[in-house]
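Please consult the sequence and the structure shown here while reading.

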Amino acid sequence: MNDLLFHELALTLLPGVGPQLTRQLMSYGGSAKSVLMMPPGKLRRIPGVGEVTVKNLTGPEREKAFRKAEADLKKAEKEGVEILFYTSKRFPSRLKLISDAPVILYYQGTADLNAPKIVALVGTRQATDYGREQTERIITGLLPHQPLVVSGLAYGIDIIAHRAALQEGLETVGVMATGLDIIYPAAHRKTAEKMREQGGLLTEFPFGTPPDRYNFPARNRIIAGLSDGTVVVEAAIKGGALITAELALSYDRDVLAVPGNLGSAVSAGCNALIRDNKAALYAEPRDLEQLLNWDAALHQSGKFKPAPSYSADDFTADEFSLITVLNTAPGRELHMDELAWKAQVAIYAVASLLLTLEFRGVVRALPGKKFGLV
């Protein structure tokens, strides 16, 4: 059993220890094992740690978390589930850039969660024929770029997007509001099985977690944070799709919306996003290409030229964070200070890291303390 992952998983399974507190504890303890073995007196000196947390970290709840972590690791190994702690190099680098990112992910699939291009498609559960047609048209328009398509496995636009991606040979990942062992809704089980082999299923919730209404907004932040941009196809004036769009905007990610009839309730949200200048209008693939700067990867002949693909295994965690941020930046270049901030790498370390990457032929120095991918 992986001792490091065992303690990381156990830490996330403790009651009252959410993502923010987990990061706080890790910053003081250095490792999950050190945190879980820390004496009460030392724990009390950590800001944000009260008596209830101390009790949970040192008492019966800790032993319960150990037993659950051991069982979940065995289950994950048996079922081919990858468990990713936020310090892992394989943890999605785009998610590391958002302030309320999860600290643990359960993943089962074949897709690269750090793919060069990732786009989310979301919308109403009450999809119309127009919504289905537009979703399928968007997927077809994405084909030259071969992006990873992300959605929430829900009724309506979500499942239409997943099925259209599968039909067209694109990898697609469903972000779930349950544990990986509970497919919700159950009617989408066959599609989910196909996605495991042509994309994947992803959640921050441990095995056995049932669908709870509080889990869905949390799920939506992962959809928004995992993607370069979010396309809203049909959405009412209130609902999960609008929450995902607002989250994407708060993460400084691009949002596009497909306009609909003014009298259509399921298009009211999309039309409002466009009216309020929160979303760009999506009418054709070129709209998305220009907004996400994907057109820069196309030959003049119109044929796709793949963007350079980098593997996390070939770099340190900080190096790969810098590469991921540059790979998703406009023009694939950024000022060094902005790069350090977005990659969450200490500014004093960035210059040395960039020099190393420059020697390796991965980045190039530009005027004005800017750096870009080669």
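Four aromatic pairs are counted under the rule that ring centres of Phe, Tyr and Trp (its six-membered ring) lie within 6.5 Å, with planes under 30 degrees apart called stacked, over 60 edge-to-face and the rest tilted. One of them joins Y106 and F207 edge-to-face, with 5.7 Å from centre to centre and 65° between the planes. The model is predicted, and local features require pLDDT of at least 70, side-chain atom pairs pLDDT 80 or more, while totals for chains, interfaces and linings use all residues. Residues are numbered from 1 along each chain as its sequence is written, and side-chain values use heavy atoms, without hydrogens and water.

- Y106 belongs to strand β2 (residues 104-109) and F207 to the loop between β6 (199-203) and α11 (215-226), so the pair links parts of the chain 101 residues apart; helices (H or I, at least four residues) and strands (E, at least two) are DSSP runs numbered from the N terminus.
- Y106 has a relative accessible area of 1% and is therefore buried, a term for values under 20%, with exposed meaning over 50% and partly exposed in between (1.4 Å probe, protein chains only).
- F207 is likewise buried, at 6% relative accessibility.
- K75 lies over the face of F207, 5.4 Å from the ring centre; this requires NZ of Lys or CZ of Arg within 6 Å of the ring centre and within 35 degrees of the ring normal.
- R125 is placed over the face of F216, at 5.8 Å from the ring centre.

**Helix α13**

- In helix α13 (residues 268-275), the buried residues are G269, C270, N271, A272 and L273.
- These buried residues pack against β7 (229-232), α12 (240-250) and β8 (254-257), where contact means heavy atoms within 4.5 Å.

**Helix α17**

- The 13 residues of helix α17 (residues 347-359) should span 18 Å at 1.5 Å a residue, which agrees with the 19 Å between its end C-alpha atoms; the expected span is 1.5 Å times one less than the number of residues.
- V350, L353, L354 and L357 are the buried residues of α17.
- They lie on the same side of α17 because their arc around the axis is only 105°, taken from the directions from the helix axis to the C-beta atoms.
- The exposed residues Y348 and F359 are carried on the face of α17 turned away from its buried side.
- The cover over the buried residues of α17 includes α15 (317-328), α16 (336-343), β11 (363-366) and β12 (370-373).
- Just after α17, G361 has a positive phi of about 80°.
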